[in-house]
Every structure is written in structure tokens, then in C-alpha cells.
Amino acid sequence: MLISYPTFAERARALLDRIAELCAECGREPSEVNLMAVTKTHPLEAAEYASRFGLACVGENRVQEGVEKIRRADFPIRWELIGHLQSNKAALAAKYFARIQSVDRAKLIARLDACLREDEPALPILLQVNTGEDEAKFGASVAEAPRLLEAALAAGSLRVDGLMTIAPLARDPEVARRAFACLRELRDELAARFGVALPELSMGMTGDLPEAIREGSTCVRVGTALFGERPG
Ligand SMILES: *Cc1c(COP(=O)(O)O)cnc(C)c1O
């Protein structure tokens, strides 16, 4: 059962306050950190809450589930794909999502580029890098990242906004902090080497928000703290 809108609004306000507090602690501006509501497994109404509250974007981790919601949505919000994307669903994802955060291999870059038309605006993407070297997670390795960025920059129909990572689940917050610091350092290195900006660092979820903000996150992807535990 989805929570009520007033409960959502209260949680969203508390979360924005918390983000502002964490930003103040490390000398950052809260406006540098975008709050994405992760609506996966929840009904379409969850995304409508985010829109009504004034959040800019929602995240879905499955193409099919996301597309079904996007088709039905009659309110303004930006939909982003944050979950693993199979190559055979690349065209569908490119058609419906405003940005794909989970681009992690050359084959997928080629597929996306092939299904986009050159006379249309470029599709914004993030490269997902498994900086925590978590076996259970998708994402390119740090070593593969330069080759991947090179391919993405060469693909005329993609626009690389930056990098994304999911930290390993661990009791010690230091594990997440290291994974986030690694993503930031990788971004700095790649930006210098390829002469591109890569402003977006998508990192941090309900369980590792402070570490992500301290290490420079520009997009925190939050589900549980906004909507409660997911069913199933
Ligand atoms: C589910 C998910 C989130 C949100 O996780 P919470 O712990 O519920 O905040 C963030 N990012 C990705 C990629 C996810 O799949």
C-alpha cells in the first residue's frame, strides 16, 4: 500500500532539510544536489506525488515497468532509468526515458546510438561504474571506464552527463564513502583526460546519503526514505 500524499510531503521536506544540513557541514550548496524519487515497484501515483511536490525527476529500474508508467502519466516529471538495461530493450528505453543512468558496456552504447536519429536531440546518459567492485552489481570496472567514455563520446546521438555508482551494501559506512570518492576521482581524471565536463555524479541512496553528499554527489536516488519499504 502506497503512503498518503501528506506523509510523502512530510518525508520529502525532512529529506531536503537533511540534505541541506549535510551540504552545510561540508561547505556545499544544497542546490548542487538533486533529489530523485525512486518509484520502482510502487504504483504510478508515487511518481505523481513527486511531481506534485515539485521534485524534478523519478527513477525506475526496470524498462517495462517504467514504460508502462510513462505511457499513463498525465503529470510533468522527468523519468530516468537507473537499473540494468539489456541490449534488446535499448530502443524502447531510449524512446521513453529522458536519461539513462545505467550505461555500462560498449555494446549497449552501440545499440543506443544505432536506434537514435541524428536530427533529434542527443540522449543524455550516465556511465555506471562499479567503483565498489561489488560482484553483485552491474557497472563497468574503473579500468574499463576510459574506453567506455571514448565510445560514448564518439557516438553522435548520446550526451554523457557524468557517472553513476551503487555502493556495496555494508555495515561500515567507510565502504560506501570509498566507492563514492573513487567515482569522484575517476570523474576528475576522465574529465581532464578527455576535455569534457562530466558534471553529474549520481551516487547515494537511503542508506548512504551522508557519505555520498560529502564526496560530491549531485544526484541522490532515494526510494525507501520517501515511500517506505518496498513490497516483496
Ligand atoms: C532501488 C534503488 C535506489 C533506491 O534505494 P533506497 O535504498 O530505497 O533509497 C537507488 N538507486 C538504484 C539504482 C536503485 O535500484
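How far does a polar side-chain atom of threonine 224 lie from an oxygen atom of the ligand? The distance is 2.5 Å. This is a predicted model, in which local features need pLDDT of at least 70, side-chain atom pairs count only at pLDDT 80 or more, and totals for chains, interfaces and linings use all residues. Residues are numbered from 1 along each chain as its sequence is written, and side-chain values use heavy atoms, with hydrogens and water left out.

**Ligand contacts**
- Arginine 221 has a side-chain N or O atom 2.9 Å from a nitrogen atom of the ligand. A polar contact is a pair of N or O atoms within 3.5 Å.
- The side chain of arginine 230 places an N or O atom 2.8 Å from a ligand oxygen atom.
- On its own the ligand has 390 Å² of accessible area, and the protein covers 90% of that (Shrake-Rupley method, 1.4 Å probe).

**Ligand shell**
- Val38, Lys40, Ile82, Ile166, Met205, Thr206, Arg221, Val222, Gly223, Thr224 and Arg230 surround the ligand (a heavy atom within 4 Å).
- Five of the shell residues are nonpolar, three polar and three charged. Gly counts as polar.

**Largest pocket**
- The ligand sits in the largest pocket, with more than half of its atoms within 2 Å of the grid points.
- A pocket is an open set of points on a 1 Å grid where a 1.4 Å probe fits, with protein on both sides within 12 Å along at least five of seven lines; lining residues have an atom within 4 Å of a point.
- The volume of the largest pocket is about 730 Å³.
- Its lining has 32 residues; Lys40, Lys137, Ile166, Ala167 and Met205 lie nearest the centre.
- By class, the lining has 15 nonpolar, nine polar and eight charged residues.
- H7 gives the largest share of the lining, three residues.

Notes:
Polar contact = N/O pair within 3.5 Å; in protein donor to acceptor, adjacent residues only side chain to side chain. Points joined across faces, edges and corners; volume = space filled by probe spheres on them. Helix = DSSP H or I, 4+ residues; strand = E, 2+ residues; numbered from the N terminus.
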